[in-house]
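Take the topics one at a time and find each residue on screen as you go.

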Amino acid sequence: MAVAAVEVDDLTVEFARGRRREPFRALDALDLHVPAGRITCLLGPNGSGKTTLLNVLTGLLGATAGRASVLGLDPVGERRALLRRLALVPQETSVYPELTARENLAFHAGYYGVPPRDRARRIDDALELVQLTSRADDRAGTFSGGMQRRLALAKALMMEPELLLLDEPTLGVDVQSREAIWARIEDVADSGRAVLLTTNYMEEAQRLGDRITIIDRGATVVGGTLAELTAQVPEAPQRAEVPRVSLQDVFLHFTGRGLRD
Ligand SMILES: Nc1ncnc2c1ncn2[C@@H]1O[C@H](COP(=O)(O)OP(=O)(O)OP(=O)(O)O)[C@@H](O)[C@H]1O
């Protein structure tokens, strides 16, 4: 088995909820293994604990019980060291609207300690990777949703992280931006680094996931390759001929793969 970037065993996180502060288990003895050089997709219904798990992995939240090891480090106790080695693309917009794309990246590079001599090259490379070079000096607040997601991804790529965490990376973006984001995520895994992403899009998990883990009510229900997972479920009777050309193929055929913005 490849070296684990994330090893989570029996992880439980409890919150106090409601007026009576009743304990609520957002994560309930969850297990997860994320290998290097692979994309692991985490699927789960709303409220199943995906974001809570990412908060534990980045040291924002401590475990009530169980254990999480990230790149061999304790996420809470060794957070500073960990944040230099992993990058998170959060679900919410994480770019400063008043700053240009380049300024956003420069600020991030300074904050996270990218060596000054490397900064200009890394910023240029990251802008190129997400196809924002021509808009580098425009304010991020003027960007479309897809461009803002690509800029958020550029911030993460610029850190050259050993582990890339993404919370619903393509939520609400068009097919062209989504394809561009998918390609960059695949590059990260191809270069031997680990990727863990949450998604509610089955298509995204099918396309990207070398491994897919499904969680529900804070616990892991099943995990494996797509083939391993589908082999465990009886085939549904076909209601109609499944078209060999998907709607996405049609959309890309007529609109092309070029990014719009
Ligand atoms: N700080 C908190 N205090 C109390 N309850 C919380 C807190 N944070 C999360 N929860 C609860 O924990 C559960 C898991 O939430 P979480 O955001 O991790 O789910 P999710 O799988 O990311 O959902 P979504 O797909 O909607 O983003 C939810 O029931 C949520 O209301």
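The structure holds 17 salt bridges, a salt bridge being a side-chain nitrogen of Lys or Arg within 4 Å of a carboxyl oxygen of Asp or Glu. This is a predicted model, in which local features need pLDDT of at least 70, side-chain atom pairs count only at pLDDT 80 or more, and totals for chains, interfaces and linings use all residues. Residues are numbered from 1 along each chain as its sequence is written, and side-chain values use heavy atoms, with hydrogens and water left out.

**Salt bridges**

- Start with Glu 98 and Arg 139, whose side chains meet in a salt bridge at 3.5 Å, N to O. Glu 98 sits in the loop between strand E5 (86-89) and helix H3 (101-111), and Arg 139 in the loop between helix H4 (116-129) and helix H5 (145-158), so this pair ties together parts that are 41 residues apart in sequence. Helices (H or I, at least four residues) and strands (E, at least two) are DSSP runs, numbered from the N terminus.
- Are these two partners buried or exposed? Glu 98 counts as exposed at 59% relative accessibility, while Arg 139 is partly exposed at 37%. Here buried means under 20% relative accessible area, exposed over 50%, and partly exposed in between (1.4 Å probe, protein chains only).
- Another salt bridge brings together the side chains of Glu 160 and Arg 122 (3.8 Å, N to O). It links distant parts of the chain, with Glu 160 in the loop between H5 and strand E6 (163-167) and Arg 122 in helix H4, 38 residues apart. Glu 160 is partly exposed, with a relative accessible area of 44%, and Arg 122 is buried at 12%.
- The side chains of Arg 207 and Glu 179 also meet in a salt bridge, at 3.6 Å from N to O. Arg 207 belongs to helix H7 (residues 202-208) and Glu 179 to helix H6 (residues 175-190), 28 residues apart. Arg 207 is partly exposed at 37%, whereas Glu 179 is buried at 13%.
- Which residues join this pair in a network of salt bridges? The network links Glu 179, Glu 186, Arg 207 and Arg 257.

**Around the ligand**

- The ligand is surrounded by 15 residues, and the closest are Gly 47, Gly 49, Lys 50, Thr 51 and Thr 52. A residue counts as near when one of its heavy atoms lies within 4 Å.
- A polar side-chain atom of Lys 50 lies 2.8 Å from a ligand oxygen, a polar backbone atom of Gly 49 is 2.9 Å from one, and a side-chain N or O atom of Arg 17 is 3.1 Å from one.
- Taken alone, the ligand exposes 640 Å², and the protein buries 66% of that. These areas come from the Shrake-Rupley method with a 1.4 Å probe; for residues, only the protein chains shown count as cover.
- Strand E1 (4-17), strand E2 (22-35) and helix H1 (50-57) each give two or more residues to the shell around the ligand. The largest share, 3 residues, comes from H1.

**Helix H1**

- H1 is largely enclosed by the rest of the structure, because 6 of its 8 residues are buried. These are Lys 50, Thr 52, Leu 53, Leu 54, Val 56 and Leu 57.
- Just after H1, Gly 59 takes a positive phi of about 80 degrees.

**Positive phi beyond glycine**

- Asp 10 is not a glycine, yet has a positive phi of about 50 degrees. Asp 10 lies in strand E1 and is partly exposed, with a relative accessible area of 47%.
- Leu 71 also has a positive phi, near 50 degrees. Leu 71 is in the loop between strand E4 (65-70) and helix H2 (79-83) and is buried at 14% relative accessible area.

**Thr 199**

- Thr 199 is found in strand E7 (residues 194-199) and is buried, with a relative accessible area of 1%.
- The side chain of Thr 199 reaches the backbone nitrogen of Tyr 201 at 2.9 Å.

Technical notes: A polar contact is a pair of N or O atoms within 3.5 Å; within protein, one must be able to donate a hydrogen and the other to accept it, and residues adjacent in sequence count only if both atoms are side-chain atoms.
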